[in-house]
Amino acid sequence: MDENKIESLKQEALAAAAAASNADELEQVRIRYLGRNGVLPAMMKGLKDAPPEARAGLGRAANDFKVSVQAAVEDRKSGLTSARQAGPAFDLSLPGRWRGVGSMHPISKVIEDATRIFGRIGFTVAEGPDIETAYRNFEALNTPAHHPSLDPGDTFWLEDGMLLRTQTSPVQIRVMERRKPPVRVITPGRCYRRDTTDATHSANFHQIEGLYVDAAVSLGDLKGTLEYFIREMMGAGVRIRFRPHFFPFTEPSVECDFSCHVCAGNGCRVCKNSGWIEIAGAGMVDPRVFRKVGYDPEAVTGFAFGMGVERIAMVKYGIQDIRMLYANDLRFLEQFR
Amino acid sequence: MKVPISWLREFVDFDDSAERLAERLTMSGTEVEGIEKVGCSCTGVVVGEVLSVAKHPRADKLSICRVGAGDREYRVVCGASNFKAGDRAAFAPAGAVLAGGLLIKETSIRGEFSEGMLCAEDELGISDDHSGIMILPAAAAPGSALQDIVGEPETVLNIEVTWNRPDCLSIIGIAREVAALCGGRLKMPELHAGLGPRKIREFANVEVADSAGCPRYTACALEGVVVGPSPDWMQRRLHLCGMRPINSVVDITNYVLLETGHPLHAFDRDLLRGDRIVVRRAVAGEEIRTLDGETRKLHTGVLVIADGEGPVALAGIMGGEGSEIRDATTRVVLESACFDPGLIHSASADLGVASESSRRFERGVDVTAVGWAGRLAAGLMVEHASASASPGSTDVWPVKPQPRRIRCRYGRGRDLLGMRISDGEMADIFVRLGMNVDEKDAGGCTVTAPAFRPDIEVEADLFEEVARVHGLGEVASAPPRSALVPESDDVEERAVAECRKTVMALGFSEIVNYSFVSAALLDLFGKGNAGGRLVLPNPVSSDYAVMRDSLVPQMVETMGRNAAHQVPDVLFFEMGRVFGVSDGASIEEGRLCMGLSGKAGRVEGSIRTPATAEEVFLRIKGAAEALGAALKTGRFSFRSEDREWTEPGWCVMVELAGAPVGVIGLVKSALRREWRFAEPVGICEMSIAPLIANCFSSPVLSDIPAYPSISRDVAMIVDDSVTHEQVVSAIRAAGPPELTEVLLFDTFRSESMGPGKRSLAYTLEYRSGVRTLTDEEANAFHDKVKEALRSGLKAEIRES
Ligand SMILES: [Zn+2]
């Protein structure tokens, strides 16, 4: 036995398989070449007696014979079957089988979008605990000692003197305590205020705050940054404006509105006919806050801003009632895939 | 703060319309929330004299009146009962139009003819009072137009004053803003001519025992006072600002409060015992009956005004009934003082009483203007309450505040604000806001913060004034600058996001629940750890009284609510924090909870076949294992251990390297009944930190196998007490290093095996890293494994 012989046997077998006109004939071909007493086992047996230097080449040829003939028999078999039994085809329109896909909660979605948008202009994410010290939540943020936000009617105080943070600003304090400028972070997270729940208030809510501290940061930088974020979030066409406001943490303090994305600023139900939608509180970090964390307010300036996550979700997706976000109804949630 | 435009115009001239002015104020930080048109915005309504009142024959609550209005009489059916024959009232004859646009017609009410309507204040647009018809002064001439009495409609700005601007809680304060914005000049009210600075006679005996709590106390004594109604114009302004007129003396104090922002209080001097006034802390247990009729028990944190015997007023908050101005009052002590904001705030909060006075004191009033405000009110009493005697006054003011002088560097201001504004414009803004500016040079100026602006403390405060008056629209928006801040301490936040995405990819939908829950809900899931719960001392309601110590209860509740909405098969997950108390300290931890109910996640099989406990358990466990694989946690091990909320025998602790990281279980049937779940509910709750610890680790690569493997199957019958884990452990222990894979491919029971037994079948893969294994070698390995199973687990090996 040599490789040429095997090759010619293969051609012979392939021709026989191709020529088989029905299943019986094809089975005969299979038995003759691949069956227990057929050509292939004899070929394998012959392999053992071959000289050692020829074995590798013969083995490859025998294997090629086996694979090729098997494939030819299978091919012919399916050819005979489909030709003869032209039964109904498989219904390819049947539903596929896979478990469903999950959805992201709109609160997470807004945080994720914001993280990505701010990430592109160099902001990283920082988080902190829900249970905070009064120092970081109020005092370090320059909140006057008798500011109404400290009242037990507004803030959840705990037995051990800690509190449930009312904003994520204490995370900014934590970041500044552990890092030297420049600092550029956003701080998304859960916050708590003793509000009575209604269509727009929830005692448990989420915020995204941001902080940028560096040499010569200006109110113009704040405007540019918020403009970029809001356009990415709400649509390229929107404009923003600042209104002066008061927050203990910043000086000057502003509220930021954007021109209504629904009516392009002409007035509609969403913007209560004003053309503007309030989106963020912001301002230049008060020098007294910098001193608390050991920054030199003569050397650095910075801006900070804060936004309600639920509010953004409601405005962006047209959700009428904040309680929808906590009802966890799958029929609502699965629309946020 | 309500600001009638006409009152504002007394102190400043401006050309703007109310709308334009509101816009300017809002854009400078004094937010105008609304513009109200108040007053009689009706036409044709006149003064009617009620000539007679008779019962309606067919309606108990109605009456039939004869009303005279000038030249003729009208027959009117009326539903109110707050009047009698002889009264003057607002009357709308047929043809008149009311505030809401309603045209009055002749009509028939319950069969009685009516030619007009007696009107309540809300129907006239004067107030929202609908308690009865509007009774007019007896002097009003019947038939004259109502506008002649109540005046033309007035425009009132409703202003939201930010906490840092107590000066804007007054008409004059707002006028000062308007002057700065519109360029007008602020005109201050003039003191009554009869009240010069001369000091006539010390009033009584004023002692300030707590000068920290009361930095300044002034008192005027007025005599010959005649208490009566205050002038109509004054009553009208009080109305417009949302206050009720009471009598001339009280109205004057309120009027001055609204005009200047300085709260005042008037005592009936003849009701002050011992002819002295002491400003002191309350003695614990002392009581006072305040003007609102409440008797209040005091503690030492409350500042009081006392006479010779006891408290007569809660300082800065509310007067006491005992020294209240009466109709018979003739001698008045008029207090104008300044109290410590923190003290007033805490007393007001503790006692649960707030007033227009306390709201101003707790934000801070101008201590330097206290005496002036008192004299302004005294002058009004001379004019409008017949206070004939010259007032004496006393002024206890031991420590005068130092003026705050603040340097403003123009260049730094421009840099911080990103605004183009000249030095001169900046200085001019300070002047327009009533601040003194000196030491001007090329680099800046020195500003003296006025006493009425406690918020101006540092340079940044001055920059804010520049920004808001110059206009924030002038801030040039700078594109985001990107001086890179190299930071890498956000790994955890990124890993949590990765975890969220992975769970979603497994098919779960995210839910978000409150951090606080009811104790009752937690109790349903187990009271074992009730002592370690973090309970809120001041919850919004009992439904939200306890911080959750597990995500499981709300997960089950959420699935139950969805089931009730005909969505019984869900895959949910929540990532959130849980809380507790440990050694007296509040603690928190991040958790992940996955919930799976019924057939959710089933891929093969009919959607009608009820889900079994086995499949639900294995699916939720499979999800946990897939998550572990995706996040590279390393292999979980599982240990049977029931929880209070799980079905007995259907719960495992999940462990990583011997440390517990979570729990997987089926919700017990008692809880399933609570929410009417028809099918099993599987839950997995894990701590997030160990889950994500390895999430971003780089893989340590090993070579792809170079040599073929050999597979051998082993099927065995074992006792039910033998677990799959034990079988795998035994196989791995007995197998050689060449044993690379152990996969379960079949498990079944049959009668022939007998009860308490089952068959497990595994396929084992053997592979060497250095050469091709022979069949003989594989057989030898496999025989050793079989032997170990026989001897170690008493397995009956099924040979095929
Ligand atoms: Zn709109």
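We'll start at a surface patch on chain A and then move to a sheet and its helices on chain B. Keep in mind that this is a predicted model.

**Stop 1: a patch on chain A**

Select A:Phe90, A:Leu92 and A:Leu94 and show their side chains: together they make a nonpolar surface patch of about 390 Å². Now zoom in on A:Phe90, which sits in the loop that links helix H4 (52-84) and helix H5 (106-120) of chain A. Is A:Phe90 buried or exposed? A:Phe90 counts as exposed because its relative accessibility is 62%, and the cut-off for exposed is over 50%.

**Stop 2: a sheet on chain B**

Switch to chain B and colour three strands, which line up as S23-S25-S24 in an open, antiparallel sheet. At the edges you'll find strand S23 (404-409) and strand S24 (436-438) of chain B, each pairing on one side only. Going from one strand to the next, the twist averages 30°.

Next, pick out S23(B) and strand S25 (residues 444-449) of chain B: six bridges join this antiparallel pair. For one of the contacts to S25(B), click B:Arg404, whose bridge partner is B:Ala449.

**Stop 3: the helices on the sheet**

Finally, select helix H12 (residues 423-432) of chain B, lying across S23, S24 and S25 of chain B. Compare directions here too: H12 runs at about 145° to S24(B).

Terms used: Residues are numbered from 1 along each chain as its sequence is written. Chains are lettered from A and ligands numbered from 1 in the order in which they are written. This is a predicted model: local features need pLDDT of at least 70, side-chain atom pairs count only at pLDDT 80 or more; totals for chains, interfaces and linings use all residues. Side-chain values use heavy atoms; hydrogens and water are left out. Patches are made of residues with over 30% relative accessible area and no salt bridge: like charges are joined within 9 Å, nonpolar side chains (Val, Leu, Ile, Met, Phe, Trp, Tyr) within 5 Å. Accessible areas come from the Shrake-Rupley method with a 1.4 Å probe; for residues, only the protein chains shown count as cover. A salt bridge is a side-chain nitrogen of Lys or Arg within 4 Å of a carboxyl oxygen of Asp or Glu. Helices (H or I, at least four residues) and strands (E, at least two) are DSSP runs, numbered from the N terminus. Buried means under 20% relative accessible area, exposed over 50%, partly exposed in between (1.4 Å probe, protein chains only). Two strands pair if DSSP finds at least two bridges between them. Axes are lines fitted to C-alpha atoms, for helices over the stretch in contact, and angles run from 0 to 180 degrees between N-to-C directions. Contact means heavy atoms within 4.5 Å.
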